[in-house]
Amino acid sequence: MKKAISDTQVPLSLIRYCFLFLLLILSSATFAQERGKVQVVAPSLFDTLLAKRAALNSKVSGGGGSATVYSSSFGYRVQIYSGSNRVAAYNAQAKFNKEFPEMRTYIVYHEPNFKVRAGDFRTRIEAERMKEQLKVWFPIMFIISEKINPPKTVITND
């Protein structure tokens with residue numbers, strides 16, 4: 001005996017084709033976006049806050065015909081010591097300050113190590129030169145890229 005197929009049953013391949021067609025239509029609709037305008041909504045005091053931040057980042061002080069500008073930016077430092085001994089870190093800092101008293105040194109503590117970093121160099125070449133000079137006193141050194149305190153710049157109003 002043959003089984004009768006009713007008219008309500010649809011072949012499976014037809015369902016697959018319909019699903020694929022629907023998927024293609026929906027995906028093309030999501031990629032067909034139009035370009036629009038961006039409207040920035042900012043508080044009324046936003047401009048004054050930006051001006052205050054700019055003033056804080058470049059403090060102008062001094063008198064007469066020149067002003068000293070302080071700023072901070074990214075640059076390089078030479079790391080002359082890294083270890084867990086705090087006394088050794090302070091000794092390395094003192095040894096460096098004895099040889100180069102005009103240069104700043106920084107001690108950074110990242111648990112469990114103390115790191116002594118020296119100098120505020122704007123370019124890597126300057127840091128490499130200092131590293132070559134320090135080979136006599138400190139055999140293991142690294143050049144670190146981080147936020148530095150650049151030297152004071154004198155601006156003349158001529």
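Helices (H or I, at least four residues) and strands (E, at least two) are DSSP runs, numbered from the N terminus. This is a predicted model, in which local features need pLDDT of at least 70 and side-chain atom pairs count only at pLDDT 80 or more, while totals for chains, interfaces and linings use all residues. Residues are numbered from 1 along each chain as its sequence is written, and side-chain values use heavy atoms, leaving out hydrogens and water.

Follow the chain from the N terminus, and the elements come as α-α-β-β-β-α-β-β-α-β-β.

Next, select β3, β4, β5 and β6. They form an open sheet of 4 strands in the order β4-β5-β3-β6, with antiparallel pairing. Here, two strands pair if DSSP finds at least two bridges between them. β4 (105–110) and β6 (142–148) are at the edges with a single partner strand each, so one side of each has no neighbour in the sheet. From one strand to the next, the twist averages 40°.

Zoom in on β4 and β5 (residues 113–121), which are joined in the antiparallel sense by 6 bridges. Select valine 108: its bridge partner in β5 is lysine 115.

Helix α3 (residues 86–99) lies across β3 (73–83), β4 and β5, at about 165° to β4. Helix α4 (residues 124–134) lies across β3, β5 and β6, at about 25° to β3. For these angles, axes are lines fitted to C-alpha atoms, for helices over the stretch in contact (heavy atoms within 4.5 Å); angles run from 0 to 180 degrees between N-to-C directions.
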